[in-house]
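Q: I would like to learn how to read helix packing and aromatic pairs in a model. Can we work through one case?

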Amino acid sequence: MSDDQRDQTPAEPAAQAAVPAGPQPEPIRFFGTTWVEHDGGYALRRVGLAIGSLATAISAALLLRLSYEGLEIGNVGPFLSISVVVLFAIASSIAFTKTWASYSRRPAPSSDEAALKGLKTIGFIGSLIAYFLRCLGEAPGEKLRRAEYERARAEYARRRSTRTGNPAARRPKRKK
């Protein structure tokens, strides 16, 4: 065997990380899978994200106030000024309720979530406040994902439970 052939021999297979059998938890943005066991800085992340979302909501509200004052300086009239305030208030309340509801249930495949994406963008302050309030109790979406994960684990355990006896040796069922 030449030196070239010896150099091309495959190395020993690298030890692959053992992937646990069964369903895996779905990661949550900013939390990963730390929500399962509440480890890996879970509490610190919740506090940090709650403070961050509240600070972002406050700074966004200040930015909107500056925009409103710009309208006042521009002397656009009371109708437009009131319309802008009402628009942002309605959009924020709709964004809050839709965001809050999305943490407890998955949207239906034919839902209107895509149609409301623009409205939720306009009412981003409502979404930030919903995120802040949810972070006070749990990771946003944790309750929904935990229920789905527990259901999947129970179903996997039920499917994997050992059977007694040989299924081929069973008697055929009686006809009624």
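Q: Is Tyr103 buried or exposed?
A: This is a predicted model. A residue counts as buried under 20% relative accessible area. Tyr103 has 11%, so Tyr103 is buried.

Q: How is the packing of two helices described?
A: Two packed helices are described by the angle between their axes and the distance between the axes. Here the axes of helix H3 (residues 42–73) and helix H4 (residues 78–102) come within 10 Å and cross at roughly 165 degrees. An angle over 145 degrees counts as roughly antiparallel, so H3 is roughly antiparallel to H4. Their crossing is right-handed.

Q: Which residues of H3 and H4 meet?
A: From H3 come Leu64, Tyr68, Leu71 and Glu72; from H4, Ser81, Val84, Val85 and Phe88. By class, the residues of this contact are six nonpolar, one polar and one charged.

Q: How many aromatic pairs does a search of the whole structure find?
A: The search finds four. One of them joins Phe96 and Trp100: the ring centres are 5.9 Å apart and the planes at 15 degrees, so this pair is stacked. Both residues lie in helix H4, four residues apart, about one turn of the helix. Phe96 is partly exposed at 25% relative accessible area, and Trp100 is partly exposed at 33%.

Q: What are the ring distance and plane angle for Tyr103 and Tyr131?
A: The centres lie 6.4 Å apart and the planes at 65 degrees, so the pair is edge-to-face. This pair links distant parts of the chain, 28 residues apart: Tyr103 is in the loop between H4 and helix H5 (117–122), and Tyr131 is in helix H6 (residues 124–137). Tyr131 is buried, with a relative accessible area of 17%.

Terms used. Residues are numbered from 1 along each chain as its sequence is written. This is a predicted model: local features need pLDDT of at least 70, side-chain atom pairs count only at pLDDT 80 or more; totals for chains, interfaces and linings use all residues. Side-chain values use heavy atoms; hydrogens and water are left out. Axes are lines fitted to C-alpha atoms, for helices over the stretch in contact, and angles run from 0 to 180 degrees between N-to-C directions. Helices (H or I, at least four residues) and strands (E, at least two) are DSSP runs, numbered from the N terminus. Angles under 35 degrees count as roughly parallel, over 145 as roughly antiparallel, 65 to 115 as roughly perpendicular and the rest as oblique. A crossing is left-handed if the near helix is turned anticlockwise from the far one by less than a right angle, and right-handed if clockwise. Contact means heavy atoms within 4.5 Å. Ala, Val, Leu, Ile, Met, Phe, Trp, Tyr, Cys and Pro count as nonpolar, Asp, Glu, Lys and Arg as charged, and the others, Gly among them, as polar. Rings of Phe, Tyr and Trp (its six-membered ring) pair if their centres lie within 6.5 Å; planes under 30 degrees apart count as stacked, over 60 as edge-to-face and the rest as tilted. Buried means under 20% relative accessible area, exposed over 50%, partly exposed in between (1.4 Å probe, protein chains only).
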